[in-house]
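I opened this notebook to keep track of what I looked up, one entry at a time.

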Amino acid sequence: MFVREPTVRKLHTVTKPVVLIAEELSPATVDALGPDFEVRSVDGTDRPALLSALADAHAILVRSATQVDAEAIAAAPALKVIARAGVGLDNVDIPAATNAGVMVVNAPTSNVISAAELAIGHLLSLARHIPDANASLKGRAWKRSKFTGVELYEKTVGIVGLGRIGTLVAQRLAGFGVTLVAYDPYVTPARAQQLGVQLLSLDDLVAQSDFITIHIPKTPETTGLIGAEQFAKAKPELRIVNASRGGIIDETALHDALAAGRIAGAGLDVFVTEPPLESPLLGLDNIVVTPHLGASTDEAQEKAGVSVARSVRLALSGELVPDAVNVAGGVIDESVRPGIPLIEKLGQVFSGLAHSSLTSVDVEVRGEIVQHDVSVLKLAALKGIFTNVVSENVSYVNAPLLAEQRGVQVRLITDSVSEDYRNVLTISGALSDGSQVSVSGTLTGPKQIEKIVGVNGYDVEVPFSKHLIVMSYNDRPGIVAVYGKEFGEANVNIAGMQIARQEAGGKALSILSVDSPVPDGVLESVRRAIDADTLREIDLTY
């Protein structure tokens, strides 16, 4: 679905589209909406009042306190757009909105400067003991020698994640005369060189850095990315900052490293549990903490409000909406729309299979739908590719920019001939190590079931699942029993499976759908047991 038409049921006649503001937003937000709408206000935390006010609303603007869930969406038959004045969307039920044909927009770039500046503030606070020195002097103590710090000048600063915020941090730190290194498997060396940054493996970055700052999304792959193993490789002078997402640093391992003096300090703006009032980290002297202030500036809040107000104007006029997170906006043919969520999922599978940075991507559309404008499918493919790769929210407009920033060449290829299926969508690409990755999908049957029908040249037909495992290995007897036993002993249930091969005794490819994420140790055990060439767990974000 795209955007549904209003139903005829209304409580009273309105002459202008109704825009409902459910939380306090800046006056500039209302100004940006302009005179073409009837603007109403409601306390979004007052549930009965909210549901009543939604009855004839065409758009709703919220921040983080208002829960726009399936019940709220069902109460709004005329609703066309939900706008979150900020980055996070935890309080919006995106699948329910998509199923109802309601567009969801946010302000993905509103806080990037604020977040980058906060990270640098944490780096400087750690280097010069600013918070502790401030508290000491306010306590009427003058202890200059106690707070001797270090300079950033000529130090090595490691940046984990060179997305929008990581790039801003790199640009700003360059003026401090530091050596910049980075870990980001999705950035090409050429792009890093443009930024004056040397790409390293994560272990090498940790070992070489005097300071580390983290700017990556939280995914199953990045959760606990920096833990005891990494801290064991670090310099004792290391100071590490996380103003990105809670959980990327293993908090137990961080506490142990700080308490034992294995590293010098840490600065955290985000935590696994917020507020982290029971966290033992708060009892340490060598940590600086802030209560998730990444977007808490006047400028970021105003940018967010103005940005979503503009998106609401575009959405209600039927135009392309740059920051739509679930639909592309604009006029899209009914036969093309079902391909949008399909190719987004294919994009996530594609990036999950990629083991090094991309250099080029081809989005291939084959079949009868090419008689329509299918350019939105290229945007949706890129959105899927970068969804779990970058720290910022990915939209249909910034996805091509993310590819351009990383030096990735992108082509859309169309062909009216599709031999095996009515329509087939394929994403194929070249990686920086010279290898190729491809994944294909289609919609089958009267219910239009989304299926994967090709992976790296192997023909399969597998429905999508939130948790997929893809592995390739030398075809030989007993392999299924081996990995079935490993997963069974780890209490990982295999919900579906398909095996493909191109010739007997050659390479085989297995795709498994499982009911839960697989622990890293189990994956490594399976890899060794079957001597797999490739073994990737792919967790999809729906």
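I took helices (H or I, at least four residues) and strands (E, at least two) as DSSP runs, numbered from the N terminus. With that in hand, I placed E334 in the loop between α12 (298–316) and α13.

I noted that this is a predicted model, where local features need pLDDT of at least 70 and side-chain atom pairs count only at pLDDT 80 or more, while totals for chains, interfaces and linings use all residues. Residues are numbered from 1 along each chain as its sequence is written, and side-chain values use heavy atoms, with hydrogens and water left out.

Is E334 buried or exposed? I found 54% relative accessibility for E334, so it counts as exposed (buried is under 20% relative accessible area, exposed over 50%, partly exposed in between, with a 1.4 Å probe and protein chains only). I also looked up R63, which lies 271 residues from E334 along the chain, and the C-alpha atoms of the two are separated by 32 Å.

Next I turned to a sheet. Four strands form an open sheet in the order β20-β21-β19-β22, with antiparallel pairing (two strands pair if DSSP finds at least two bridges between them). β20 (494–501) and β22 (534–539) stand at the edges with a single partner strand each, so one side of each has no neighbour in the sheet.

I then followed β20 to its antiparallel partner β21 (residues 507–514), to which seven bridges join it. In this pair, R501 stands opposite A508 of β21.

Lastly, I checked what packs on the sheet: helix α13 (residues 339–353) touches β19 (467–474) and β22, and helix α17 (residues 520–530) also touches β19 and β22 (contact means heavy atoms within 4.5 Å).

Notes: Axes are lines fitted to C-alpha atoms, for helices over the stretch in contact, and angles run from 0 to 180 degrees between N-to-C directions.
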